[in-house]
Amino acid sequence: MEGTSAGFPREAVATRLLAASVRTSYDPVVDIDWSAPHVPGAYWMPPQRSSLYGTALWEGMSEEQRIALTRHEVAGVASAGLWFETILMQMLIRHYYDADPTSRHAQYALTEVADECRHSIMFGRLIEALGCPVYRADPVDHLLGRWLKATATGPQMYAAILIAEEMLDAFQREAMADESIQPLIRMVSRIHVVEEARHVRFARDELARQVEAAGPVALGYARLVIGRAAYSITRRLVNPRAYAAVGIPPADGVAAARANPHWRATLRWSAQRIAEHLTELGLIAGPGRLLWRRAGLLAD
């Protein structure tokens with residue numbers, strides 16, 4: 001289980017991450033004041049990150065409707081986070097099943113699962129505090145998620161983890177530093193960013209190792225799975241029912257968002273770091289690259 005990648009032994013990376021987990025971990029049930037009142041008139045995300053920002057629909061909404069839309073969009077992102085973290089935990093447990101339980105690498109995988117359990121509770125409490133419904137995956141993505149968590153191994157497993165984690169991380173790093181938005185969102189974002197930094201380090205290290213070990217056929221298959229994962233994750237960021245919640249027909253909201261240059265730029269911004277990394281590893285190429293383009297994560 002030792003292995004090396006880019007000169008860093010696997011066990012050494014895991015040992016450092018275990019130590020960091022001891023130093024900085026949170027219990028969102030205790031560390032977040034869920035009973036604190038919301039700030040009147042404050043947005044739930046930076047308004048320029050709303051999917052409809054800058055559109056005719058946005059211009060036609062009242063300030064109250066705009067704030068409500070960001071509240072429902074945050075609920076959609078939290079719902080997508082819950083969906084993917086459930087998938088992620090099951091993939092990590094499958095990885096652990098074949099690992100040496102005495103290794104620090106395996107022990108960190110379990111530590112990450114424990115982190116994600118707390119994050120899932122945090123996102124569930126957040127949706128409850130928002131007063132919004134859980135925006136679940138559509139039947140196709142729900143089925144694809146079930147397939148991914150049951151089968152994904154090697155490069156596609158760790159790349160899919162990184163796509164979800166790093167796109168969400170971009171939004172949350174911005175949100176936690178923005179004093180104009182609701183304090184609850186800033187605190188949730190801060191906790192998630194701090195703990196996910198360790199998860200990203202673990203996944204990037206393991207992904208490099210898996211790519212080195214994979215043959216051309218396995219890499220070709222991985223590129224397709226990774227592209228479909230990127231497409232599904234992106235489409236899950238805003239649920240059409242969020243538009244209905246503020247009086248916009250879902251089909252009109254979806255069409256406006258997909259044509260919105262501000263939203264398309266936001267998607268590319270959120271995925272820039274991971275897209276560059278996966279491109280360097282040769283994991284965005286061929287037919288899989290078309291799925292990245294369809295998701296709006298790459299420049300035309």
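This is a predicted model: local features need pLDDT of at least 70, side-chain atom pairs count only at pLDDT 80 or more; totals for chains, interfaces and linings use all residues.
**Entry 1: the largest cavity**

I began with the lining of the largest cavity and found that H7 gives the most to it, with four residues. My helices are DSSP runs of H or I with at least four residues, numbered from the N terminus. Residues are numbered from 1 along each chain as its sequence is written, and side-chain values use heavy atoms, with hydrogens and water left out.

How much space lies in the largest cavity? I noted about 230 Å³. A cavity here is a set of points on a 1 Å grid over the protein atoms alone where a 1.4 Å probe fits but cannot get out, and lining residues have an atom within 4 Å of a point. The volume is the space filled by probe spheres set on the points, which are joined across faces, edges and corners.

I then looked up the 15 lining residues, and the closest to the centre are Val-74, Val-77, Gln-172, Ile-185 and Ser-189. Helices H4 (63-97), H5 (104-130), H7 (154-176) and H8 (183-213) are the elements that give two or more residues to this lining. By class I have 13 nonpolar, two polar and no charged residues. Ala, Val, Leu, Ile, Met, Phe, Trp, Tyr, Cys and Pro count as nonpolar, Asp, Glu, Lys and Arg as charged, and the others, Gly among them, as polar.

**Entry 2: the second largest cavity**

My search of the whole structure found four cavities of 30 Å³ or more. I see 16 residues lining it, with Ala-80, Gly-81, Phe-84, Ala-164 and Leu-168 nearest its centre. H4, H7 and H8 each supply at least two residues, and H4 gives the most, with seven. This lining divides into 10 nonpolar, two polar and four charged residues.

**Entry 3: H1 against H5**

Next I checked helix H1 (residues 10-23), which packs with H5 at an angle of about 40 degrees, with the axes 8 Å apart. Axes are lines fitted to C-alpha atoms over the stretch in contact, and angles run from 0 to 180 degrees between N-to-C directions. That makes H1 oblique to H5, since angles under 35 degrees count as roughly parallel, over 145 as roughly antiparallel, 65 to 115 as roughly perpendicular and the rest as oblique.

Notes. On a 1 Å grid over the protein atoms alone, a cavity is a set of points where a 1.4 Å probe fits but cannot get out, and a pocket is an open set with protein on both sides within 12 Å along at least five of seven lines; lining residues have an atom within 4 Å of a point.
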